[in-house]
Amino acid sequence: MGPLLAGRGFLVRTLLLPGHGTKPEDLMSPDFRDWQQLVEDQVALLKEEVEQIYLGGFSTGANLVTEYALGDPSVQGLLLFSPAFKSDSALDWVTPILSWFRPWLMEPDDSRPHQSEVRYMNTPTNGFALYYKSSRAVRNALARRRFDKPALLVVTEHDSVVDVASIREIFERRFGHPASRMIWYGELAAGEQQDRRILVRSDSLPEQNISQFSHMSVLFSPRNPLYGIGADQRICWNGQSPEDYASCLAGEQVWYSAWGYRESGKVHARLTYNPYFDWQLEVMDSVLAAAN
């Protein structure tokens, strides 16, 4: 997203949150205030260079920038990809307590990859705790005030991380600008789709070996050199059997899905790109044009 926005004339900054970009163990050290402070500091630096500020984020990053924007009226618009305002787990509140005496929810061992060249594949308990704190903070902020400037929210129905029905309800109630849009990859019954600002595209594309979209897939173009079609960062560790994992690693034909999806007779890797990426950019441009 960054280079594409820069090509449209924006000055773009991306943030590496404390604990990221090194090794998973480093996520044991930061606290939530470290992440909030980084956003505050970097927005302040941007304000020294530009007159209009737009914020964007993926997953936990979407929580951080939304919480910040609700307290800073100078933010003109939001771009939120797989916003993780609410987890799909009823036990996420336990993670701040667990982090004190159980450093890992899944102990590192040789049965699963610990990290790849570009991302963590296992996360310390404190990482989950920080995510929970971000979700609680943004929901509290949204309960106090609405975001009434243009915003784009992109979600997928089969997200294995987020309670997407809750995100849709929050969009309808708390994001009030008529130019705001939610892109919903999946299906909605006719009676469900009451807000005309919600744009629906199916995430079942069998002609492309795609069973469903994943949490991360919304971000990346099919042409992305790391995660696009035929790229070398295939994520085979996808919550399936050891046999399916080995088959995927061996380069055999696979289908693509969110984490944990299983279907008889098919091996599924993680979907890491968005077949609708170019259309999604057009929607993004319309939201930014309204914000500007």
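The model is predicted, so to speak, throughout: local features need pLDDT of at least 70, side-chain atom pairs count only at pLDDT 80 or more, and totals for chains, interfaces and linings use all residues. Residues are numbered from 1 along each chain as its sequence is written, and side-chain values use heavy atoms, with hydrogens and water left out.

Five strands form an open sheet in the order β1-β2-β3-β4-β5, with parallel pairing; here strands (E, at least two residues) and helices (H or I, at least four residues) are DSSP runs numbered from the N terminus, and two strands pair if DSSP finds at least two bridges between them. At the edges lie β1 and β5 (198-201), each of which pairs on one side only. On average, and with direction ignored, neighbouring strands are turned by 15° against each other; axes are lines fitted to C-alpha atoms, for helices over the stretch in contact, and angles run from 0 to 180 degrees between N-to-C directions.

Strand β1 (residues 53-58) runs parallel to β2 (residues 75-81), and six bridges join them. Leu 55 has Leu 78 as its bridge partner in β2. From β1 the chain passes through helix α3 (residues 60-69) to β2 in a right-handed β-α-β crossover, meaning that, with the strands pointing away from the viewer, the path from the first strand over the helix to the second runs clockwise. Further along, β3 (residues 151-156) and β4 (residues 181-185) pair in the parallel sense over five bridges, and Leu 152 is partnered by Arg 181 of β4. Helix α6 (residues 164-174) lies across β3, β4 and β5, at about 160° to β4.

Helix α3 also meets two other helices. With α2 (residues 32-47), the axes come within 10 Å and cross at roughly 60°. The two helices are therefore oblique to each other, the class left over once angles under 35 degrees (roughly parallel), over 145 (roughly antiparallel) and 65 to 115 (roughly perpendicular) are set aside. Contact (heavy atoms within 4.5 Å) involves residues including Trp 35 and Val 39 of α2 and Leu 64 and Tyr 68 of α3.

With α5 (residues 125-144), the axes of α3 come within 9 Å and cross at roughly 35°, in a left-handed crossing. Among the contact residues are Asn 63 and Thr 66 of α3 and Tyr 131 and Val 138 of α5.

Notes:
A crossing is left-handed if the near helix is turned anticlockwise from the far one by less than a right angle, and right-handed if clockwise.
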